Amino acid sequence: MDAYDEGSNARHGPDAPRRPAPPAQRSAPADSAAPDASPGPPEPDVHPGPEPAPVASPVPSEPVVSAAPSEQVASPVPPAPRGPWPPGEPRSGIAALSPRYQVGVALALAVVAIGVCVHIGMTFLHVAPPNTVTRTHGEAVDDWIYPEFEQNWKLFAPNPLQQNISIQVRAGVRGPDGMTQTTGWYDLSAEDGRAIDGNLLPSHTQQNELRRAWDFFVATHDSENRPVGLRGSLSESYLRRIMVLRLGRDDAVRAATGSTGVIERVQVRSRTSNVPPPEWSREKVSTTPSYRELPWWRVPQDEARGGVR
């Protein structure tokens with residue numbers, strides 16, 4: 001067997017260092033050779049040169065098995081402290097307020113809820129048929145409802161209104177020379193109709209103020225325009241003040257009086273005409289308008305200069 005065929009421990013040349021033997025072979029004693037190894041022919045005389053110094057093997061006496069990267073165990077991470085909210089998520093809404101403000105918000109919500117319940121209860125008693133509660137506390141219910149929350153069933157009436165009613169007014173205006181001038185009739189209902197037509201969000205005043213004032217007057221007066229009951233004089237004052245305020249803001253009135261006149265008196269009338277039936281109907285109705293003219297009302301001084309303040 002040649003020296004160059006000694007496997008992994010063969011020397012490759014005179015200058016090549018010897019490959020370190022495995023730990024098992026290095027630690028084995030010299031006399032532990034196999035007894036059945038037969039001596040071979042003498043090796044040729046080779047002068048390899050000086051023996052290199054043995055290199056200390058970095059491998060320890062006992063092999064250490066390193067864990068695979070996939071089998072490495074990550075160091076445990078301490079769990080995040082738990083609280084009433086998820087970690088890292090900011091509080092929002094009422095929970096973000098301090099306890100003092102949370103109490104204030106809770107009290108405000110309670111007051112609003114109580115007010116809503118009281119309003120719903122009062123509205124129900126107002127529109128409900130007469131009963132024991134309304135007979136006992138009817139005055140308190142009316143004080144709550146009138147005039148802002150008045151309810152009626154005209155929207156669901158089986159016989160809807162079939163007439164067009166427009167309210168007109170004229171005024172007696174005293175000019176700077178002391179002479180009183182009477183204006184022409186101004187159709188206030190037509191002005192409100194033009195303001196509502198094409199308006200997606202018309203005001204409540206334009207839709208209902210004039211109509212409800214006239215309905216109030218008619219319900220508290222007879223056919224001779226005489227007040228019936230204590231609410232008759234109240235309806236007159238209400239309608240008169242609306243007329244004065246509307247005339248005071250009307251550009252045509254200011255132009256007719258030179259913006260210097262003072263309204264001394266007003267007169268109101270209604271123009272009522274039947275709605276014509278559709279073409280396919282055989283019903284015959286008169287479309288001739290009828291008028292209801294009220295007497296002149298003298299305007300107090302505080303109302304003449306812009307209404308009661």
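This is a predicted model: local features need pLDDT of at least 70, side-chain atom pairs count only at pLDDT 80 or more; totals for chains, interfaces and linings use all residues.
Residues are numbered from 1 along each chain as its sequence is written, and side-chain values use heavy atoms, with hydrogens and water left out.

Two packed helices are described by the angle between their axes and the distance between the axes. Here α2 covers residues 99-127 and α3 covers residues 132-145; I get an angle of about 120 degrees, with the axes 9 Å apart. That makes α2 oblique to α3. For the cut-offs, angles under 35 degrees count as roughly parallel, over 145 as roughly antiparallel, 65 to 115 as roughly perpendicular and the rest as oblique. The axes are lines fitted to C-alpha atoms, for helices over the stretch in contact, and angles run from 0 to 180 degrees between N-to-C directions. Helices (H or I, at least four residues) and strands (E, at least two) are DSSP runs, numbered from the N terminus.

Who makes the contact (heavy atoms within 4.5 Å)? From α2 I list V118, H119, M122, T123, L125 and H126, and from α3 V133, T134, V141, D142, W144 and I145. By class, the contact of α2 with α3 has seven nonpolar, four polar and one charged residues. In that scheme Ala, Val, Leu, Ile, Met, Phe, Trp, Tyr, Cys and Pro are nonpolar, Asp, Glu, Lys and Arg are charged, and the others, Gly among them, are polar.

I then clicked on V141, which is found in α3. At 4% relative accessibility V141 counts as buried (under 20% relative accessible area; exposed is over 50%, partly exposed in between, with a 1.4 Å probe and protein chains only). Leaving aside neighbours within four places in sequence, V141 is in contact with M122, L125 and H126. V141 and H126 are 15 residues apart in sequence, and their C-alpha atoms are 6.6 Å apart.

**β1 and its partners**

Next I checked what β1 (residues 163-174) pairs with; two strands pair if DSSP finds at least two bridges between them. With β4 (residues 262-274), β1 pairs in the antiparallel sense over 12 bridges, and V173 stands opposite I263 there. β1 and β2 (residues 180-182) are antiparallel over three bridges, with R174 opposite T180. I also found β1 and β3 (residues 186-187) antiparallel over two bridges, where Q168 has D187 as its bridge partner. β1 and β2 form a hairpin with five residues between them, and G178 in the turn has a positive phi of about 90 degrees.

**Two more residues**

Not counting residues up to four places away in sequence, T272 touches Q163, N164, I165, T288, P289 and S290.

P300 sits in the loop between β6 (297-298) and α8 (301-304). P300 counts as partly exposed at 31% relative accessibility.

**Whole chain**

I noted eight helices and six strands. Of the 309 residues, 18% count as buried.

Definitions and conventions: Contact means heavy atoms within 4.5 Å.
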